[in-house]
Amino acid sequence: MTELIEALKSAKKVGVLTGAGVSTLCGIPDFRGPQGLYRQPDAERIFDIDWFDRDPSVYYRGCRELVYGLGDFQPGPVHTALVRLERAGRLAGIATQNIDMLHQKAGSSHVYEVHGSPVVHACRHCGDVKTFDEIVAMIEANGGAAKLGEPYVPRCACGGPYKPAITFFGEMLPEAAFRSAQELAISSDVFLVLGTSLTVHPAAGLPRLTLQAGGKVFIVNGQPTSLDDYAVRRYPDLKEFADAVCAAFATSPLS
Ligand code: APR
């Protein structure tokens, strides 16, 4: 990883795009990897807005662990390495496709969640807003999101289901977050792509903005991506990346 580490040391500005692969090291499954969530039948319905409006239990059953069990997950080696990079003054920001809020939990400061997050939920009928913790409490008070048989769906007093502020397929991306992510990609002379299959646009187009602006892209991902031929290089293993960064930028105190 010497070439990547040297680029991080000499860069004027470093940006990062992360995907679900960085959280597999925390025990959270990704979507399209060998053990990905989308290997299950009908899994693509879980984050589909039309399915949510037709039957919100498809989402609440599918995300019982992935979203409503997030309290049990801790940031992993890649999250920690990115905090160390930031503390060493070598990272300007993180555009993430992940909804697990682990970059913030790890201590990263500039995180742009281009697919939103479950930090708040809104009633689909009247717009009433509840926090993530309030929704978790509702679910736990009703024995979990997917009991055998009738799965529990947290509902507003008006009867509408609460929907997380996660960008579902069929919805627009959060405008401010995506604009910040675009600005980060355009202004970075080194852009890291970590743990994403680069299959979902427009997020997958972010690294191309760096290339178009004359910057360099490095990819760390177990599977090939459509950008491999345009990147300086694709490295296969995220744990190796995290270890190399922590070794190279060890001086920055994590606490
Ligand atoms: N080391 C290297 N690569 C890894 C590791 C690892 N330890 N673990 C997983 N990966 C790679 C997988 O090979 C896979 O290519 O991470 C990638 C994750 O890709 P996806 O599962 O497609 O996740 P992501 O790219 O984040 O999905 C994008 O799709 O479902 C939507 O909105 C959802 O944000 C998500 C978007």
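A pocket, in the sense used here, is an open set of grid points with protein on both sides within 12 Å along at least five of seven lines, and its lining residues have an atom within 4 Å of a point. The exercises below concern a predicted model.

**Exercise 1. Describe the largest pocket by its volume, its lining and the elements that contribute to that lining.**

Step 1. The volume of the largest pocket comes to about 880 Å³.

Step 2. Its lining is made up of 44 residues, and those lying nearest the centre of the pocket are G19, A20, G21, D30 and F31.

Step 3. Two or more lining residues come from each of helix 2 (21–24) and helix 10 (238–248), and helix 2 gives the most, with three residues.

Step 4. Sorted by class, this lining holds 18 nonpolar, 20 polar and six charged residues.

**Exercise 2. Find which residues line the second largest pocket, and sort them by class.**

Step 1. This pocket has a volume of about 150 Å³, and its lining consists of P29, L37, Q40, P41, D42, A43, I46, V58 and G62.

Step 2. By class, the lining of the second largest pocket divides into six nonpolar residues, two polar ones and one charged.

**Exercise 3. Locate the largest nonpolar core and follow the contacts of F47.**

Step 1. The largest nonpolar core has 31 residues, and F47, Y59, Y60, C63, V67 and Y68 are those with the most contacts inside it.

Step 2. At least two residues of this core are supplied by each of helix 3 (49–54), helix 4 (57–62), helix 7 (132–141) and strand 6 (162–166), with helix 7 giving the largest share, five residues.

Step 3. When its neighbours within four places in sequence are left aside, F47 is in contact with F31, L37, Y38, Y59, C63, L66, I99, I166, F168 and F169.

Step 4. Another core, of 26 residues, lies apart from the largest one, and among its members are M1, V16, V190 and A242.

Key: Residues are numbered from 1 along each chain as its sequence is written. This is a predicted model: local features need pLDDT of at least 70, side-chain atom pairs count only at pLDDT 80 or more; totals for chains, interfaces and linings use all residues. Side-chain values use heavy atoms; hydrogens and water are left out. On a 1 Å grid over the protein atoms alone, a cavity is a set of points where a 1.4 Å probe fits but cannot get out, and a pocket is an open set with protein on both sides within 12 Å along at least five of seven lines; lining residues have an atom within 4 Å of a point. Grid points are joined across faces, edges and corners, and a volume is the space filled by probe spheres set on the points. Helices (H or I, at least four residues) and strands (E, at least two) are DSSP runs, numbered from the N terminus. Ala, Val, Leu, Ile, Met, Phe, Trp, Tyr, Cys and Pro count as nonpolar, Asp, Glu, Lys and Arg as charged, and the others, Gly among them, as polar. A nonpolar core is a set of buried Ala, Val, Leu, Ile, Met, Phe, Trp, Tyr and Cys residues joined through side-chain atoms within 4.5 Å. Buried means under 20% relative accessible area, exposed over 50%, partly exposed in between (1.4 Å probe, protein chains only). Contact means heavy atoms within 4.5 Å.
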